[in-house]
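Take a look at the model, try each task, and then walk through the solution.

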Amino acid sequence: TSGGAVYPHRVQWSATGDPETWTGGNAGSIDLMEDGELITAIRRLGQYITVHKENSIYVGYLSGTSSVFTFDRKSTGAGTVCINTVQELPTGDQIFLAKDGLRLFNGISAPLIPSTITSELRSNMNFEYIYKCWSIIVREKDEVWIGIPMGSDTEPNTVYKFNYITGQVYKDYRANISAAWLFSQVSQPTWADLVGSWDAQTWGWDDSAFAKTTQIVMLADNTGLTYKRNAGVNSDNSVAIASMWESKDYETEEKGRMGRWQQIEVWAKGNTVNVDYSIDSGSSWYSLGALTLASDYPTDSAPLMMYFDVVSTKIRFRFSNNVAGETFYLKQFVVYYQDREVRA
């Protein structure tokens, strides 16, 4: 807004070294009117400036002339719908939330992140409250976390976590979190700060997540409470975390042939893990029991064993823990079966 008039297409910059001077010197502005769309965000990408609109992204750079900055329009087909979701990743890409899902801008194009969550985001984002989104980069996990209001939520309760190294996206839930930021630790934890016995710890004492000056994740909710992420605690503000990993459906080698599923070998560590199975693609589940785990994975030749006798054409497994202060790490598992008759 200038002189009572609104300029939703304008990018303006102050004089060099004088951020309060908007006229004179090399201060200036430019109106990005090429497509007529409104600016939704301005962020840095390396040595460049990115200006987001609904269906395009402009890249700005120093021109070395009297115009100071030059902007090139990139026909990406999408820009961000919330400035708080735009983050420059260590990979050199810029992630952002568009109206059709999460995208990565590489300076030229901005393809959708290939994930099954894309259709979920496209159909369930609550655009009335999309301005409340937040995001944060968690470098020690190679992830960026983005909080988004989904469905009827008025707060960004659903958190999508993108691993920018593996490309994997998974989902978490943080009720009523309205902001996130990084805070540098002023001291390293001592022995007395540990929760539980030494054998119960699942992290290394020299883990960088606990080092002095390491940036830790801080979260704030809409009631005024602030939470600190603590990698050494296996509960959520003293409440048990319902942790679960579910496999795909495993089938016999010959399509349609029945199998007699008989045993599963498991390599896992931590406290305890419950193992369930399903023969109807996850509609119903049956318990195989719980495994008591150690602080290290079993050796390759001595896995944890569970025996059962189930006849079906397919089977899937679920590993879970919902006990406060407990956790589990699943390395791998192997399933054994014998062929039976072909289903009529």
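**Exercise 1.** Find which residue forms a salt bridge with E254, and state how exposed E254 is.

*Solution.* Start from the definition: a salt bridge is a side-chain nitrogen of Lys or Arg within 4 Å of a carboxyl oxygen of Asp or Glu. The partner of E254 is R257, with the closest N and O atoms 2.9 Å apart. Next, E254 has a relative accessible area of 40%. E254 is therefore partly exposed, as buried means under 20% relative accessible area, exposed over 50%, and partly exposed in between (1.4 Å probe, protein chains only).

A word on the source: this is a predicted model, where local features need pLDDT of at least 70 and side-chain atom pairs count only at pLDDT 80 or more, while totals for chains, interfaces and linings use all residues. Residues are numbered from 1 along each chain as its sequence is written, and side-chain values use heavy atoms, leaving out hydrogens and water.

**Exercise 2.** Locate the salt-bridge partner of K171 and describe where both residues sit.

*Solution.* First, the side chain of K171 meets that of E120 at 3.0 Å, N to O. K171 lies in strand 13 (residues 169-173) and E120 in helix 1, 51 residues apart. (Helices, H or I of at least four residues, and strands, E of at least two, are DSSP runs numbered from the N terminus.) Finally, K171 is partly exposed at 45% relative accessibility, and E120 is partly exposed at 23%.

**Exercise 3.** Identify the residues linked with K53 in a network of salt bridges.

*Solution.* The network joins K53 with D35 and R73. The structure holds 17 salt bridges.
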